[in-house]
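I opened this structure for the first time today. These are my notes, in the order I looked things up.

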Amino acid sequence: MGEVFDLQLINTAMRQSTPLILAALGGLMSERVGVVNIGLEGKILMGAFAGALGALFTGSPWIGLVCAILVGLTFALIHAVATQELRTDHIVSGVAINLLALGLSTYLFRQIIVPLEEQGKSSVVQGFAPIRVGWLSEVPILGALLTDQTWLVVFAFLLPIALWYLLRTTRWGLRVYAVGNDSVKSRTMGVPVKRLRYLGVLLSGAFAGMAGAFLTLASADQFRENMSAGRGFIALAALIFGRWHPIGAALAAFAFGFFEALQMRLQGQPLFGVQLPTDLLLMLPYLLTVIALMGFLGRMKPPSDLGN
Amino acid sequence: MQRRIRAAMVTDVGGIGDESFNASAWRGLERARDQLGAEVRYLESRTAADYVRNLTALARQGFNVVFAIGFLMEDSLAKVAPRFPKVYFGIVDGRAPNLPNCVSLIFNEQEGSYLVGALAGAFTKTNVVGFVGGMNVPLIKKFEYGYRAGVLTTNPKAKVLVGYTGNWDDVSKGRELALTQFNQGADIIYHAAGRCGIGVIRAAQQKGKGYYAIGVDSDQDHLAPGHVLTSMMKRVDNAVFDVCKRVAEGRFKSGTIVYGVKEKGVGLSPMRFTRKLVRDAIMAKINKLEQLIVQGKVVPPYNEQTFRAFRPPKV
């Protein structure tokens, strides 16, 4: 038992869940104001690409991060204009963004980065260094959890708490809830519905862009085609399982990251003397996340005005 | 006699940028362009639904030889090939339909994997080595069991950690799986996981001195010089080029062509950055095993059954 469950497992799980938490909270900001956002996957992928490109040409992960966020915002703006001004179906716009992002990032990768590699230059970028834990490393549990983590991980774990607080206590937060639940009534009450929706969708782009930047600046340190690998959809599922609540969504994303870390470990070592089959273990994160969350979350209730 | 041919390929969903067998096949066609003056082209498949359409399109456009890259295209090729008897078809890693215009190009990946496994077994300091596969499919099992048999041959005490990422794209997950195996005691990890393997190599590089990855398909040693112990090269490019040459010379042969260690279809990379780290005695052992495979005295296993029956030679 002790060999399977230890703090190293949580340490891995934190990194695995970081991009999921960021993207899920991005989805939350958008869906809370009534805009369905299945384009998270595309924004993560474009964020990952822009992050890598920015860092590759400037040598600075910070500039990479800024590029990732800007590109995330740009793609979010497309979604906002499409859904708010042109009244495009939210799902259709989201799917279009995913397809565009896959095609565009692949094309640009081959046009810009692959030729560099063919000239023998490295496409590995200067990523974020792990935070220096200093005296914190002496603190039990916390020290072990923070070892080898970048600040993006810490940010992703603090963000849900901050968002929860802001949504609950500020005027903006209350208006967000109002718009998501009844945009017509909100408008007649003088709430600037469109402005809130733009802000929500743009925030989703920024967070999804950051999720992408995590992949290229704090994990793989380089871009590869389609490297988001479905994280946008897992994040969306986490958002739904988390009942559109910042803490719930983050917990669901973490649950997935945790089971992912667990199955990776179990592939290499038996549990109670039994080596579980690979295919079962690969399915485990999906299966256990569904079961775990069905148990204590109860009925899902989306914002009533979602998609209108 | 040579004539100017037109040769094309259809990638599987990995695409031309998979840094694996699609990319390698394309290098073969590029060589056909440079050396045989062939007109070359590729079509990428985004989904499995594109296979038949892509193969048909190329055959219609009058290409002399069309390659289907990957076992995923077996069924599609069986549908398309009978309709174009004048076009030659080759399929890499898969069974070709039994037709005079089709050839199947098969690699004995287990033989090359056996050699890198033998190297890993002899070179490990921790007596734990890892394997990271992409999808858990019979093709990748050839890599896994060949590797395990190699480790068993040079280091019967060593433990092999086996993990799969479940896809080919997720670089970040490949890295985490590799870090997990490094934390479980491994000091060398062989990958056969497409782009996920880029993450495995990155993990070895980040762990630093004493940790190594083993690359696959292409010579990946340069991706992290000094941290990629060797690469198990699978010369899809040679196979594709050979078929183009045969077509150009008018001596196409149908059936199955197998590329193993003997045919130089699989084998170790030249180890440009790591050769001096490995003692000559170890390399001599690897060369000896290579000889034994060529002579047919060692037959590396390719699935669980053959692995269980495998008796390692004494070297």
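Entry one: a strand pairing. I started with Ile189(B), which stands opposite Ala213(B) in β9(B). I noted the rule that strands pair if DSSP finds at least two bridges between them. Helices (H or I, at least four residues) and strands (E, at least two) are DSSP runs, numbered from the N terminus. Here three bridges join β8(B) to strand β9 (residues 212–217) of chain B, and the two run parallel. I followed the chain from β8(B) through α7(B) to β9(B) and found a right-handed β-α-β crossover. Right-handed means that, with the strands pointing away from the viewer, the path from the first strand over the helix to the second runs clockwise.

Before going on, I wrote down the ground rules. The model is predicted, so local features need pLDDT of at least 70 and side-chain atom pairs count only at pLDDT 80 or more, while totals for chains, interfaces and linings use all residues. Residues are numbered from 1 along each chain as its sequence is written, and chains are lettered from A and ligands numbered from 1 in the order in which they are written.

Entry two: the rest of β8(B). I looked at the other neighbour, strand β6 (residues 128–133) of chain B, which is joined to β8(B) by five bridges and runs parallel to it. Val132(B) has His191(B) as its bridge partner in β8(B). Is β8(B) enclosed or open? Five of the five residues of β8 (residues 188–192) are buried, so the strand is largely enclosed by the rest of the structure. I call a residue buried if 20 or more other C-beta atoms lie within 10 Å of its own, exposed if 12 or fewer, and partly exposed in between, with C-beta atoms placed from the backbone. Ile188(B), Tyr190(B) and Ala192(B) point one way, and Ile189(B) and His191(B) the other way. In a regular strand the side chains alternate between the two faces of the sheet.

Strand β4 (residues 88–92) of chain B is mostly covered, with five of its five residues buried. Tyr88(B), Gly90(B) and Val92(B) point one way from β4(B), Phe89(B) and Ile91(B) the other. Strand β3 (residues 65–69) of chain B pairs with β4(B) in the parallel sense over five bridges. Ile69(B) stands opposite Val92(B). Between β3(B) and β4(B) the chain passes through helix α3 (residues 74–80) of chain B, in a right-handed β-α-β crossover. I then found four bridges from β4(B) to strand β5 (residues 102–107) of chain B, also parallel. There Ile91(B) has Ser104(B) as its bridge partner.

I picked Leu55(B), in helix α2 (residues 50–60) of chain B. Leu55(B) is buried, with 29 other C-beta atoms within 10 Å. Leaving out residues up to four places away in sequence, Leu55(B) touches Val10(B), Val66(B), Ala68(B), Ser76(B), Leu77(B) and Val80(B). Contact means C-beta atoms, placed from the backbone, within 7 Å.

How many residues does each chain give to the contact? Chain B gives 24 residues and chain A gives 23. On the chain B side, β7 (159–164), α6 (171–183) and α7 (196–207) each supply at least two residues. The largest share of that side, eight residues, comes from α6(B).

Technical notes:
Two residues are in contact if their C-beta atoms, placed from the backbone, lie within 7 Å.
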